[in-house]
Each structure stands twice: as structure tokens, then as C-alpha cells.
Amino acid sequence: MTMLDAATAPAPYYSRGLRARFNVDRIRLEQAQADVLLNGGKYADIEYDIDEAKYRARSAARLKAGGLPTSVPEGWPRKLSGPLVWGSNSFPCEDQYVYHLTQADKVEILSALSFFKSQKLDSQKVTKYLFPLPNLGPILSSIRNDIYFGKGFHIIRGLNPDDYPLADLTTIYLGLSSYIASRRGRQDQRGSMLIHVMQRGDQSAESTLHDNIYSSDKPFHTDTVTDTLCLFTQELASSGGRSVFASAWTVYNELAATRPDLIHTLAAPDWPFDTYGRDPPFYRRALMYYHDNNLITSFSRRLLVGHAPFTPRSKNIPGLTEAQAEALDAVHFIAKKHEIKPRMERGDIRFVNNLGLLHRREAFENVQGTKPRHLVRIWLNNDEGMCWNLPRPLRLAWARVFDDDFEEGTDKRGRYWDYAPLRHPVTGRVLNTGGSCD
């Protein structure tokens, strides 16, 4: 390979170690051979923004054509049960999912912070053992159990971001989250460990267009590569912007009762995920798995259809079939029927079971002159027996995000801890915002 070839070659999506460990190259060859025969190159007309009219027309056409499976896949349940099956009216009181920090808790947090700072370590080095919470810790462990084996979400409320310097604030929310899950994952190709979910914020025409699109309603999805999604609320929008949750288990039950054919589609390992210019340019796997008695749902709509105009779907890779397009939209509309919209307050730490729940975000508005909506996103993995057993395709995804350690001179990614958003030195534009997942 020439120096020019090396410079222009796409960045590897998987490190050499992961390619060997999971036999990625053999799988890619098999998929490439299958793609030659798949669908004759004709794909569905579907975009990131939901088009209900297209969805209804597509659904009617497929039902009229007939020949669809009338039962769930073999070995899959006809109906799921348990605490993860819930709907919009299941939690009439927010105290069912919000833990309010007491004054004693806050004193204990300050004591833990003092102990950690005495170790002379950077904030990202914090663990539950270096952030001792003898009384609050057992409560956090109970919340952890609820996230992994209960209803799947919980909010810790009561921190005031203005009370702490930035490094201390980062230590606190990382320290509290370490009681839920200790491992933190890379969220992009660069290796960003903290993603600042916010608008770009400068006044250029491009950023204004970006921010207008970014602040619109978002469809239901998961963050693809984490078992617990953690969101720290640093600033609220002037209006709107709530995080909305829905149970994928409830969605499954409705599909099983009304459109079991779509479960076959969601469970098929042929969905093409865009890697956006990396090598390989896309990979295939299912969106839904029934594995070890758990229903696991894992997808990002952006990686499946793109998000024009800023991250359009890559050229010369497969699109979605009509069946896949209908199934993707069906998940969204069924989830909206059963969603819950918890209140948000500054300082909230939200934990979401990213294997069993779906989430989206309401449209919002930031009034000029006020601080913009700003969440800090962390991808967590519990390696102490709480994370559900994962099927092989997701084990590969988790290994890419949580396992690979940076080695100088290799194709592995680094780890970058941006406590504050990275900004352009002249325009002030936020350079690395969180729109969707890696």
C-alpha cells in the first residue's frame, strides 16, 4: 500500500483484534455474497423523520398482498410478562421512578468526593470503591436492580449543577453512576467517553439549519451499544425537550397479537447498519432478539436510514426493504401509544435499560440569551452479573465499545474525556454534539 493509499483508506470500524476474535472477515464475505441476491437493488422510500402517511400506505399494501406469517418465530413467546411490560398509565406517581436525594445523601456525596480527591486522580478514574457511599450506596444498588430486572428506568434527583466546579460535578455523576455499572464506553470513532447532547450554538447558516433540525421531535430508538444509558441533565431547554420512554416488551406484545410477521422481520439478521465511511462500510444484524428468556431490542434509526442533510445514508450500500421500513415505523407508532414522559429538572441523572426500553426526545426551544439544553451522555456496562446475556452480534458490538484498549500505533481508538463541550476557538461552535449514537 502506498502512503497515499494509507492516508485515504477508510478508518477501520473494528480493530484487528476484534476482527480475529469474532471472525468478522468471514461474516463480511458471506454477507457480501448474500447482498448480490438481495432485493434486486430496490429499496423502500423511508427517511429519518417519520412519515405517517407513507407508513399507513405501506402497511395497507403489504397486508393486501398477503402471505405474511401469522404467528411469532419458533421459540419466541406469544406474550411477554413481568415488570418490563408497562404502559403510559402504569406509574401515576413520579415517586415510583424518582429517587430524591436527601440532605444526608448530599453530605455523604461531599464526603465521598473529598475522599476521591485525596487520591489525586482525574474524575474519570472514579469507581464506587473510590467514591464510598455507605448509606446511599445500598439505595443505588436497589436502583440498579430496578434498571436491569425491574421496570427499566430510574431518575436520581436533587443535585444542583451550580453547587460544584465542573471537575467535581463530573466526579459526582460518574461516581453515582458507577454504582449502577462500572464500565464506560466509547461513543464515537474518536473515542469520546462523554457526549454533550446539545445544539452547536453559533450563528452560522449551517449551524442554524443544524440546530433547527436537531431540536425537532426525534423518533424512538435505542443507543445501540450500551446496556444502561445514563443522561446527566446539566441545563434544561426553555420549553419542551423531555426524554420519553417506552417499553420494547410492551411493543412486542402488541406486535405479537396484531402483526407477528413484523417480529419475523425485526428478528432477521439482515438489517444494514451504516458505518459512515469506515471499513466495512456497513454491517448486518437483527434489531430484535429473544435470547436467554429476555427480549432485546437494539437499533439506531440514523444508522439504518441516515439523517439528511448532515448525515445522509452512505452511497452504494443496501437500503431497507418494504418489510423492514414498515417494521421500523411500526415500532415507533406502537411505542408512542404506550410512552411515558417524565418531568425533567436540572441535575437529574437518568438511567435507562437500553436493552429493554426505547426512548425518544420531544422537540424543544432554546430562547436566545438563556443557557441551552445540555445533557451529558454516558454509555454504561455492568460486568458484575447484571447485564443481560447478549447474542453474538451484540457481544461484538459491546466488545468494540467497552473492551478495546488504546495502544499507540494500532488501529484501536483512544479515550477522550471532555468534561465540557469542545468548541471552535473563533466561532464558539460546539464541535462534538450528540445527535444519535455511533
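# A Guided Tour from Asn381

Select Asn381 to begin: leaving aside residues up to four places away in sequence, Asn381 touches Tyr148, Ala181, Ser182, Arg183, Asp227, Cys387, Trp398 and Phe402, where contact means heavy atoms within 4.5 Å. The structure is a predicted model, in which local features need pLDDT of at least 70 and side-chain atom pairs count only at pLDDT 80 or more, while totals for chains, interfaces and linings use all residues. Residues are numbered from 1 along each chain as its sequence is written, and side-chain values use heavy atoms, with hydrogens and water left out.

Asn381 belongs to strand S17 (residues 374-381); here helices (H or I, at least four residues) and strands (E, at least two) are DSSP runs, numbered from the N terminus. With a relative accessible area of 4%, Asn381 is buried (buried means under 20% relative accessible area, exposed over 50%, partly exposed in between, with a 1.4 Å probe and protein chains only). Display the side chain of Asp227 as well: the side chain of Asn381 makes a polar contact with it at 2.8 Å. A polar contact is a pair of N or O atoms within 3.5 Å; within protein, one must be able to donate a hydrogen and the other to accept it, and residues adjacent in sequence count only if both atoms are side-chain atoms.

## Helix H9

Next, select residues 248-258. Nine of the 11 residues of this helix, H9, are buried, so H9 is largely enclosed by the rest of the structure. The buried residues are Ala248, Trp249, Thr250, Val251, Tyr252, Asn253, Glu254, Leu255 and Ala256. Against which elements do the buried residues of H9 pack? They pack against strand S7 (243-247), helix H10 (260-267), strand S10 (288-291), strand S11 (294-297), helix H12 (322-337) and strand S15 (357-361). At the N-terminal end, Ser247 caps H9, with a side-chain oxygen 3.1 Å from the backbone nitrogen of Trp249.

## Helices H5 and H7

Now show helix H5 (residues 103-117) together with helix H7 (residues 166-177); their axes come within 10 Å and cross at roughly 110°. Axes are lines fitted to C-alpha atoms, for helices over the stretch in contact, and angles run from 0 to 180 degrees between N-to-C directions. Ile109, Leu113, Phe116 and Lys117 of H5 make the contact with Asp168, Thr171, Ile172 and Leu176 of H7.

## Salt bridges

The structure holds 30 salt bridges, each being a side-chain nitrogen of Lys or Arg within 4 Å of a carboxyl oxygen of Asp or Glu. Select Arg157 and Glu94, whose side chains meet in a salt bridge (3.2 Å, N to O). This pair links distant parts of the chain, 63 residues apart: Arg157 is in strand S2 (residues 153-157), and Glu94 is in the loop between helix H4 (52-65) and strand S1 (98-100). Both Arg157 and Glu94 are buried.

Move to Arg190 and Asp418, which form a salt bridge with the closest N and O atoms 2.8 Å apart. Arg190 lies in the loop between strand S3 (183-184) and strand S4 (195-197) and Asp418 in the segment after helix H13 (392-403), so the pair ties together parts that are 228 residues apart in sequence. Arg190 counts as partly exposed at 31% relative accessibility, whereas Asp418 is buried, at 10%.

For a network of salt bridges, select Asp217, Arg242, Glu339, Lys341, Arg360 and Glu362.

## Backbone details

Two cis peptide bonds come next. One joins Asp279 and Pro280, with omega about 5°; Pro280 is found in the loop between strand S8 (271-274) and strand S9 (282-285). Another runs from Ala308 to Pro309, with omega near 5°, and Pro309 is found in the loop between strand S12 (306-307) and strand S13 (311-312).

Finally, select Lys120, a residue other than glycine with a positive phi, near 60°. Lys120 sits in the loop between H5 and helix H6 (136-149). Is Lys120 buried or exposed? Lys120 is exposed, with a relative accessible area of 75%. Thr224 likewise has a positive phi, near 70°, and lies in the loop between helix H8 (205-214) and strand S5 (228-235); at 1% relative accessibility, Thr224 counts as buried.
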